[in-house]
Amino acid sequence: MDMGDDVAARLARYYDLDTLDAPDDVDRYLTLAAVESGPILELAAGTGRLAVPLALAGHAVTAVDIDPAMLARAHAAWQQAAPDAHPGGSLEVVEADLLTLALRSRFGLVIFALNSIFLLATRDRQQAALTTMKRHLRPGGLAVVDVWLPHPDDLALYDGRLVLEWQREDEQTGERVAKTHAARFDSATAEVDLHALFDAWTPAGAVRRTARHDRLRLVSATELTAMAEAAGLRVETVEGDHAGTPFGPGAERAVLLARLV
C-alpha cells in the first residue's frame, strides 16, 4: 500500500470522483444560506464541494478540515472559479481538528454534511462535534447535520465481501479509476470497519492501487436529535431528504436543523 503526501493528494482527487453521485444537496444549502444571516462555517469541508458554491454565491465561508490535501483542492477550486467575479463572496480554508476547533468568529450557519459525522467513530466524539457546532454559532444561528440512514438490505452487504462501487475517468490525469470496498457492520455498536481500494489504470497501461481504511459509526435520526439537544441546541426539524420532505417511514436520510437560542 502506498504511503505519503502523494497518496493523500490521490485520495483527495478520488474523493471528488467518489462524490460525483453524492446526494444533490448543494441547492438546499444555497437556499438555507440565503435565508440565514452571517458568515458560514463548514466542518469536514473536504475539497470544497459545498464551500466553493456557497462562496461563489456571495457568502463568506470558512471551510475546516483536518486533511491538508483536501483543503488544497478546495482552495484551488475556489481560485479557478474566478472569485473576483463574485463580489462579497470569500473562502477561507482552515486546517484543524474540528473537535478542538476554537475560532474567534461566530457564524449564522454551521454545516456538517454528507455523513461526515460517521467518521467520528464513537458516540463521545460525535457528541463533541455537535458541541463544536454550538460553540461557533451566533445567537439564533442554524446548525445542519446530514446523515444517511441505511436500509437493512444495505447493511446486509457489509459482511466483508468485496463490492465494486464505480469505474470513472479521472479527467485530471487521464486515468481510469475503479473503486471497490469491503465493509463489516457490527449491529451491537453501529460501527462499520471499511476498507476502500482505488485502482487506477494509467494511459501507459500500468495499474496503481491506493487504499484507505476508516472506522465509522452510524447514527439514527433519534440519536442525532438527542445529541443536538445535549449540546444545547433547539431542534427545529428533521427532514427526510434535501428537498425538505418531512422525516418519516422509509426516509433514506436525516437532515437535522437545530438552532442556538
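This is a predicted model: local features need pLDDT of at least 70, side-chain atom pairs count only at pLDDT 80 or more; totals for chains, interfaces and linings use all residues.
Two strands count as paired if DSSP finds at least two bridges between them.

**Parallel pairing of β4 with β5.** Strand β4 covers residues 107–112 and strand β5 covers residues 137–148. Five bridges join them, and the pairing is parallel. Within this pair, I111 stands opposite V144 of β5. Between the two strands the chain passes through helix α5, residues 123–135.

**Antiparallel pairing of β5 with β11.** Strand β5 also pairs with β11, which spans residues 253–259. Here the sense is antiparallel, and the pairing runs over seven bridges. A143 stands opposite A258, a residue of β11. In a regular strand, side chains alternate between the two faces of the sheet.

**The largest pocket and its lining.** This pocket has a volume of about 1,600 Å³. Its lining is made up of 45 residues. Lying nearest the pocket centre are Y15, D18, L114, N115 and L119. Two or more lining residues come from each of helix α1 (5–18) and the strands β2 (60–65), β6 (159–170), β7 (175–186), β8 (191–201) and β9 (207–217). Sorted by class, the lining holds 28 nonpolar residues, twelve charged residues and five polar ones.

**The second largest pocket and its lining.** The volume of this pocket is about 470 Å³. It is lined by 17 residues, and those nearest its centre are R13, D16, L17, L20 and R73. Helix α1, helix α4 (68–80) and strand β6 each give at least two residues to the lining. The largest share, five residues, is supplied by α4. Seven of the lining residues are charged, five are polar and five are nonpolar.

**A cavity in the model.** The structure holds one cavity of 30 Å³ or more. The volume of the largest cavity is about 60 Å³. Its lining consists of Y15, E42, A44, A45, R49, L50, A113, L114 and S116. Of these residues, six are nonpolar, two are charged and one is polar. Y15 and L114, which line the cavity, are also among the residues nearest the centre of the largest pocket.

Terms used
Residues are numbered from 1 along each chain as its sequence is written. Side-chain values use heavy atoms; hydrogens and water are left out. On a 1 Å grid over the protein atoms alone, a cavity is a set of points where a 1.4 Å probe fits but cannot get out, and a pocket is an open set with protein on both sides within 12 Å along at least five of seven lines; lining residues have an atom within 4 Å of a point. Grid points are joined across faces, edges and corners, and a volume is the space filled by probe spheres set on the points. Helices (H or I, at least four residues) and strands (E, at least two) are DSSP runs, numbered from the N terminus. Ala, Val, Leu, Ile, Met, Phe, Trp, Tyr, Cys and Pro count as nonpolar, Asp, Glu, Lys and Arg as charged, and the others, Gly among them, as polar. A crossover is right-handed if, with the strands pointing away from the viewer, the path from the first strand over the helix to the second runs clockwise.
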